Amino acid sequence: MSAKAISEQTGKEFLYKYIDPSVAVQDRVRYVNVTPATDLNLLAQQHPWLLSERLVVKPDQLIKRRGKLGLVGINLDLQGVKEWLKGHLMKEITVGRAKGVLKNFLIEPFVPHTQDEEFYVCIYATREGDHVLFYHEGGVEVGDVDAKAQRLTVTVDDKLSDAQVKEQLLTHVPDDKKDVLASFIVALFSLYEDLYFTYLEINPLVVTKDGVYVLDMAAKIDATADFICKAKWGDVEFPPPFGREAYPEEAYIADLDAKSGASLKLTLLNPQGRIWTMVAGGGASVVYSDTICDLGGVEELANYGEYSGAPSEQQTYDYAKTILSLMTREKHPQGKVLIIGGSIANFTNVAATFKGIVRAIKDYQGPLKEHEVSIFVRRGGPNYQEGLRVMGEVEGKTTGIPIHVFGTETHMTAIVGMALGHRPIPNLPPVAVHTANFLLNANSSPMTPASSRTASFSEPKTTNDVTPPKKSKAGLPPAFAPLSLQTKATTLFSSHTKAIVWGMQTRAVQGMLDFDYVCSRDQPSVAAIVYPFTGDHKQKFYWGHKEILVPVYKNMADAMKKHPEVDVMISFASLRSAYDSTLEAMQYPQVHTIAIIAEGIPEAQTRKLIKIADEKGVTIIGPATVGGIKPGCFKIGNTGGMLDNILASKLYRPGSVAYVSRSGGMSNELNNIISRTTDGVYEGVAIGGDRYPGTTFMDHVLRYQETPGIKMIVVLGEIGGTDEYKICQGIKDNVITKPVVCWCIGTCATMFASEVQFGHAGACAHQASETAMAKNQALRDAGAYVPKSFDELGDVIKSVYDDLVAKGTIVPAQEVPPPTVPMDYSWARELGLIRKPASFMTSICDERGQELIYAGMAITEVFKEEMGIGGVLGLLWFQRRLPRYACQFIEMCLMVTADHGPAVSGAHNTIVCARAGKDLISSLTSGLLTIGDRFGGALDAAAKQFSKAFDSGMLPMEFVNKMKKDGKLIMGIGHRVKSINNPDMRVQILKDFVKQHFPSTQLLDYALEVEKITTSKKPNLILNVDGFIGVSFVDLLRTCGGFTRDEADEFVEIGALNGIFVLGRSMGFIGHYLDQKRLKQGLYRHPWDDISYVLPEHMSM
């Protein structure tokens, strides 16, 4: 959603802080917020001015007409305010149909004034610009300001001047107040623009001899502009509409949404309701709510929400478990139903999202059974067959919860009638098990097949039952503008259209190329990719069976210059960069059409783009769209979904029906409906869900009217805006003569007690004429074919199509099978169609899920259990959760082996490299490469030698004698500096710990006996730190209880113990590197006097 209401307090804070300081606005910082947590007795202490002022108190909860409702306490002292609050705070009231509790109040200074000092001012946004309304009277009795206020329109990118305000708005204002009011309104408009307001109303605005007072304010801001206005807005709280509580679960989902590239929405309507929904897609979510309300379920509808935009399995799981948690808190005598619905996805992997939902259902299977929940599922899109299979298995094999699963063969909303008992649940034959079934053409029928869609919840209608076209003249809303006949290019795409794609969207590009191939295009439609974050290069794609290279450019200028044939740009730029990249694209006259995919572009930026596009004759599709498709010619990005849907909906060749929709997901549903009821789609466009799409319904309907191949038009309108009335006028004026089938979704909105913002930013009615019901009736009256509900849309389309066929207007063509396209390896693997041995195997770590896993243990658990470095090393090296003493011993070993001065070979090499100017990695590697049998590598060797001797039953003396006889050194014995008389404290520390904590130290004891023998011969032949760690580690592995004897021996054999020295000493080597850099030591050259030059005698003569 873009335009969101803010509290009066927030609006005034913005105004007082950021309006031009030269404007004489009074009481800039004097207001107090009161909630149930406020201690009324401390108010005077915290805000001393309350004792000296007369006061006003009122609720600040988005309640309209508070004065008329008796909800404003006026001209009170502080005691009077407290008494007033006692009668209102936490009181339940009803406003219209909304029932809510008063719990947030605003106290402000009372401003003494007369009636003739009150004025009304309002600024609000429309597609063409911003309207400034002014009336010379204000206050509670202002009346219908829309009808009687002075009005001034500031077109997009224009400025407002004092002279304009005085001339057009202040004609009835006394001369002594004109200057003050004009300067205030101009400053207010500047504030409105700078802070991205979409609506700002002040009533009354009071002007006295002291200055300007803002008494009551209502405002909305464009929430999508947060990335622009964050510094000024701060953390804005958006209160819920009055009558609807703000639930923590809603905040949780909003937080998930903010952290995700997907769209996740949740609004709780009635937490005690029995009908719960989990719908994929902004448009589809509205359609399902409409259908539930149409069938009498409005009082039992518990929630509105959507998940879309390809959420991950984990994100879908988090969303689903929130819904399931809410619906299993209170029982319902009739049990509950969960409707998991959606249109046919364009790019969301249905199987991945359903796996997340299935996980949640399994987690909640107990409560779901206890609450007698039945689940109804309908979905389509990429990999949907696998998703339906996974969902279907949950019922019998896993949970026993009744789950009814349907695919694209079932009308989208048919499951609502089933769930509410309005129609029987059919026993459908098994559907195709995977997407690949569609990729091999098996259709031998020469004609378009008859519809196989199941009926909707209502009884099947005959042709005669369809609403006939009527030509009665319906009145239009006052704001309706005359129909403009100036349109842009009629044909946007052909089989020769070439496009540039902005953004590295390889999946979308490959989808476009596959579509081109099955449409038998001569050449790919994608000429180039623009991606500013890499240098110019070539990107590999498939064209049918062969590989091709598509050029990628760092800047758009190069791409346009080298590809003059391009006339379409498809922008996958983010919401932050879409504006600038679109402006840049419109600088090139060759570009005639731009599709903007991004959702969440600030409305003010979109309006500027629309204005420039209109001036340049550029058609913009979007923002917030999936794009559009022209079967047999061209498709934008992910439109139409994957090849299975392209083929199933016969989008590889043109039909006779054109459609225009707001929703991208619903446009794919229209592809399905039209392909099942007619000869197919000729062209389809999703204009986008924002309030101000780049092109309107009427823009495309007029194109379709002028296109000979199009015989009938389908429009899927929506609550909000008045674009559909232009279609009404076009039909009445005979500008549109082709049959138009139209339905506006969002009919449920008028049935809700409080305002609900649907998934699309533009799906909100601001006046009666913008409701879906009003628009459907106006279209019906104008002569469009309007079904009684979305559920009957397919029946009406079929009826109109059959009539055109009967008249000979449409002659169904012979069906031509398309060429087959090989499936991508990655997708075939995901579908389980192929297998191959993995190149790597791992058993210690898994980073693929929501959370990093170490040997089966989530990283959050690692920290929760305070396992430390020793514990992590145990998981990653030994795949075991080691005892606490073992983890401590590992950490102690790392500490004592961390460094042993700069003279040892490893440290020396590291220092030499560092002083030669090498980087940290190179210097560290140089030091590590010296580790071996003579330096540091004795841990493994000592462990092996002592273990072999001990295990064979050899006495310590026998072991020493044998090693001497074989001429071998005993690894781990001997030290250059330390001796029996000068013991190594590192060994002593470790020995004390091991003796205290280890269950058994048999090998260590054996090594100490060997030490007694060796030191009796020479005092420095002690068990050194390497030897001690080696033998102690063997004792640890053998006796801690986590390993078998064979496993313990294997870890010694494969070199695990040397890893301790390598890991520990790396810390010291890095320290030496940093030390040399910090000391700024120069290149090292070994001194001559420390080198003995010994040359052969014949060379020295």
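In this predicted model, four strands form an open sheet whose order is E2-E7-E3-E4, with antiparallel pairing. The edges are taken by strand E2 (32-34) and strand E4 (73-76); each has a single partner strand, so one side of each has no neighbour in the sheet. On average, neighbouring strands of this sheet are turned by 20° against each other, direction ignored. Inside the order, strand E3 (residues 55-59) and strand E7 (residues 105-109) are joined by five bridges in the antiparallel sense. Pro59 has Phe105 of E7 as its bridge partner.

Two helices pack on this sheet. Helix H1 (residues 8-18) touches E2, E3 and E7, and its direction makes about 40° with that of E7. Helix H3 (residues 78-88) touches E2, E3, E4 and E7, and its direction makes about 15° with that of E3.

A second open sheet of four strands has the order E15-E17-E18-E19, and its pairing is parallel. Its edge strands are E15 (275-277) and E19 (403-406), each of which pairs on one side only. Neighbouring strands here are turned by 15° against each other on average, again with direction ignored. E15 pairs with strand E17 (residues 336-340) over three bridges, in the parallel sense. Within E17, Ile339 is the residue that stands opposite Thr277.

How many of its six residues are buried? Six of the six are, so E16 is largely enclosed by the rest of the structure. In a regular strand, side chains alternate between the two faces of the sheet. In E16, Asn303, Gly305 and Tyr307 point one way, while Tyr304, Glu306 and Ser308 point the other way, and all are buried. E16 is joined by six bridges to strand E14 (residues 263-268), and the two run antiparallel.

The next element to look at is helix H9 (residues 282-294). At 1.5 Å a residue, its 13 residues should span 18 Å, and its end C-alpha atoms are 19 Å apart, which agrees. H9 is mostly covered, with twelve of its 13 residues buried. The buried residues include Gly282, Gly283, Ala284 and Ser285. Also buried are Val286, Val287, Tyr288, Ser289 and Asp290, as well as Thr291, Ile292 and Cys293. Just after the helix, Gly296 takes a positive phi of about 85°.

Beyond it, an unreviewed UniProt entry places the feature "domain: CoA-binding" at residues 492-601. Over residues 492-601 the chain is 25% helix and 29% strand, and the end C-alpha atoms are 24 Å apart.

Helix H21 (residues 697-705) is another covered element. Eight of its nine residues are buried, so the helix is largely enclosed by the rest of the structure. Those buried residues are Phe697, Met698, His700, Val701, Leu702, Arg703, Tyr704 and Gln705. What covers them? The elements include strand E26 (619-621), strand E29 (657-661) and strand E30 (681-686). Strand E31 (712-718) and helix H22 (723-732) are also among them.

Helix H30 (residues 920-928) contains Leu920. Is Leu920 buried, partly exposed or exposed? Its relative accessibility is 27%, so Leu920 counts as partly exposed. Not counting residues up to four places away in sequence, Leu920 touches Ile1070, Tyr1073 and Leu1074. Leu920 and Lys1077 lie 157 residues apart in sequence, yet their C-alpha atoms are 9.8 Å apart in space.

The chain as a whole can now be described. It has 38 helices and 35 strands. Of its 1101 residues, 55% are buried. Its C-alpha atoms fill a box of roughly 120 × 90 × 80 Å, taken along the principal axes. Among contacts between residues at least 6 apart in sequence, 74% join residues at least 24 apart. The average pLDDT of the chain is 89, and 92% of the residues score at least 70.

Terms used. Residues are numbered from 1 along each chain as its sequence is written. Side-chain values use heavy atoms; hydrogens and water are left out. The expected span of a helix is 1.5 Å times one less than its number of residues. Buried means under 20% relative accessible area, exposed over 50%, partly exposed in between (1.4 Å probe, protein chains only). UniProt positions are given in the numbering used here, feature names are shortened, and annotations may be inferred rather than shown by experiment. Two strands pair if DSSP finds at least two bridges between them. Axes are lines fitted to C-alpha atoms, for helices over the stretch in contact, and angles run from 0 to 180 degrees between N-to-C directions. pLDDT is the predictor's confidence in each residue, from 0 to 100. Contact means heavy atoms within 4.5 Å.
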